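I opened the model to look up a few loop residues, a pocket and the confidence values. My entries follow.

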Amino acid sequence: MRKMIFAWVMALICVSANAQIQPGAVPPDSLGKTPSGDSVSLASMRDKVVVISFWATWCTYCMKELPVLAGLQKLATDRHLPLQVVSIDHKEGRDVYLRTVRVLRPRLPGLLMSWDRDGSIGKPFGTNKGIPVMVMLHRDGTVADIHVGYSEDALDGLIAEINTLMAEPSTLPAASSSSAMQKTLTSVN
């Protein structure tokens with residue numbers, strides 16, 4: 001167990017060191033294209049905690065992570081929480097992306113899926129060194145954290161991190177704290 005934890009920490013350090021964008025930075029606005037060709041932008045998600053996950057069909061861990069992320073998005077939507085999960089297909093052909101979205105959409109409703117054709121969107125976050133990569137953004141749009149890899153043991157910590165980010169004050173000028181903001185994510189099942 002200790003060796004596994006050490007390997008996980010070392011992987012995080014190595015990939016984080018290779019990422020050009022670090023916590024506190026403002027990431028690029030573009031998050032790829034939807035299956036219908038619409039652009040996905042961070043500007044459209046103002047005042048939400050944004051969780052970005054870079055994945056590919058060949059990545060076993062990515063395919064395990066997608067249903068978890070869809071569960072988080074469903075829970076947040078049902079509870080009217082300020083969270084948006086964006087899953088970005090990394091460096092796969094358009095036909096693979098479209099076919100995969102068509103197959104996964106019924107099982108992952110509500111998950112915003114986009115496409116990074118050449119890996120240029122993910123590269124500043126270190127995806128050129130490996131995926132899955134999960135990027136968490138504060139409500140003000142700055143990077144809170146970058147997580148590399150997938151581990152079911154880390155899920156409780158990720159949920160706690162998302163809850164902490166959602167508890168941050170709104171970035172909108174006239175926003176007031178509503179009872180919906182006091183709710184948290186408690187389960188991803």
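I took helices (H or I, at least four residues) and strands (E, at least two) as DSSP runs, numbered from the N terminus. This is a predicted model, in which local features need pLDDT of at least 70 and side-chain atom pairs count only at pLDDT 80 or more, while totals for chains, interfaces and linings use all residues. Residues are numbered from 1 along each chain as its sequence is written, and side-chain values use heavy atoms, with hydrogens and water left out.

Entry on P27. I found P27 in the loop between α1 (2-18) and β1 (30-33). For burial I used these classes: buried is under 20% relative accessible area, exposed is over 50%, and partly exposed is in between (1.4 Å probe, protein chains only). P27 has a relative accessible area of 8% and is therefore buried. I counted a contact where heavy atoms are within 4.5 Å. Leaving out residues up to four places away in sequence, P27 touches I21, L42, F125, L137, G141, T142 and V143. I also checked P27 against L42: they are 15 residues apart along the chain, and their C-alpha atoms are separated by 8.7 Å.

Entry on backbone angles. I looked at the peptide bond from I131 to P132 and found it cis, with omega near 5°. P132 lies in the loop between β5 (112-116) and β6 (133-137).

Which residues other than glycine did I note with a positive phi? D47 has phi near 70°, and H80 has phi near 55°. D47 sits in the loop between β2 (39-41) and β3 (49-55), and H80 in the loop between α2 (60-78) and β4 (83-90). Buried or exposed? D47 is buried, because its relative accessible area is 8%. H80 is at 61% relative accessibility, so I put it down as exposed.

Entry on the second largest pocket. A pocket here is an open set of points on a 1 Å grid over the protein atoms alone, where a 1.4 Å probe fits, with protein on both sides within 12 Å along at least five of seven lines; lining residues have an atom within 4 Å of a point. Grid points are joined across faces, edges and corners, and the volume is the space filled by probe spheres set on the points. I read about 190 Å³ for the second largest pocket. It is lined by 17 residues, of which L42, A43, D140, G141 and T142 are the closest to its centre.

Entry on confidence. pLDDT is the predictor's confidence in each residue, from 0 to 100. The protein chain averages 86, and 82% of the residues score at least 70.
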